[in-house]
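Thanks for asking me to look this one over. Here are my notes, point by point, to read alongside the model.

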Amino acid sequence: IALCAKFGIYPMQINFFVKYLLRDMQTKVFVQMPEEWKEFLPESLLQFIGRPLLLNKTLHGNNYSGRPLYQRQVQFLKEQGFMRSGIPGLWYMRGRQESLTKILQTFDTLLIAGTNELYLQEIMMNMRYEFHVEVKPMADWCLHTRIKQTETNGISLSQSRHVKAVVRKFLGSTHEECLPKEGKRYD
């Protein structure tokens, strides 16, 4: 984000929400449908309640579900010519005419920014083809952080929404009750 502000560019955001749930499992994982689901399932599936079931596709929330997508992302980034930096999840590529492209890889989101607009569009096209992702031309929310561009083309980061949720969780009350007096302290 600091490099984006330095070069006067704004990061794009790539979301993998749907694809995250559609990857083949790389390991054997068994799941069991709970008894409480009986009222929601059709008659044909009731026989599977209480039985161990082999999970064939990744399932959001399962510890092993993110690994196949992450491994395919890594392979894709290497194929595109990106190199890992010393920071986990941060990739970079130096191009012609001193261009620079950076990608921050998280589980189901990538932030991407670069100084060569044509190359960024090519990467986006390749990503859409490979992963069928949602591309937002301007990143807005990543890793519990709100990202906004300021009037002077700077970039501001805010975790106040996340902090309010954490405070609400631990204080056991709504943010209207606990934050107005102490809001600045938490922000």
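This is a predicted model: local features need pLDDT of at least 70, side-chain atom pairs count only at pLDDT 80 or more; totals for chains, interfaces and linings use all residues.

1. Leaving aside neighbours within four places in sequence, G89 is in contact (heavy atoms within 4.5 Å) with I103, L104 and Q105. G89 sits in the loop between β4 (83-84) and β5 (90-94); helices (H or I, at least four residues) and strands (E, at least two) are DSSP runs, numbered from the N terminus. With 23% relative accessibility, G89 counts as partly exposed, where buried means under 20% relative accessible area, exposed over 50% and partly exposed in between (1.4 Å probe, protein chains only).

2. Residues are numbered from 1 along each chain as its sequence is written, and side-chain values use heavy atoms, with hydrogens and water left out.

3. Is strand β7 (residues 109-114) largely enclosed or open? It is largely enclosed by the rest of the structure, because 6 of its 6 residues are buried. T109, L111 and A113 point one way from β7, and L110, I112 and G114 point the other way. In a regular strand, side chains alternate between the two faces of the sheet.

4. Now for the partners of β7. Strand β1 (residues 12-15) runs antiparallel to β7 and is joined to it by 4 bridges; strands pair if DSSP finds at least two bridges between them. N15 stands opposite T109 in β7. Strand β6 (residues 100-105) also pairs with β7 in the antiparallel sense, over 5 bridges, and there Q105 has L110 as its bridge partner.

5. The whole structure holds 1 aromatic pair. F76 and F131 form this edge-to-face pair, at 5.5 Å centre to centre and 75° between the planes; rings of Phe, Tyr and Trp (its six-membered ring) pair if their centres lie within 6.5 Å, and planes under 30 degrees apart count as stacked, over 60 as edge-to-face and the rest as tilted. F76 lies in helix α3 (residues 66-79) and F131 in helix α4 (residues 117-131), so the pair ties together parts 55 residues apart in sequence. Both F76 and F131 are buried.
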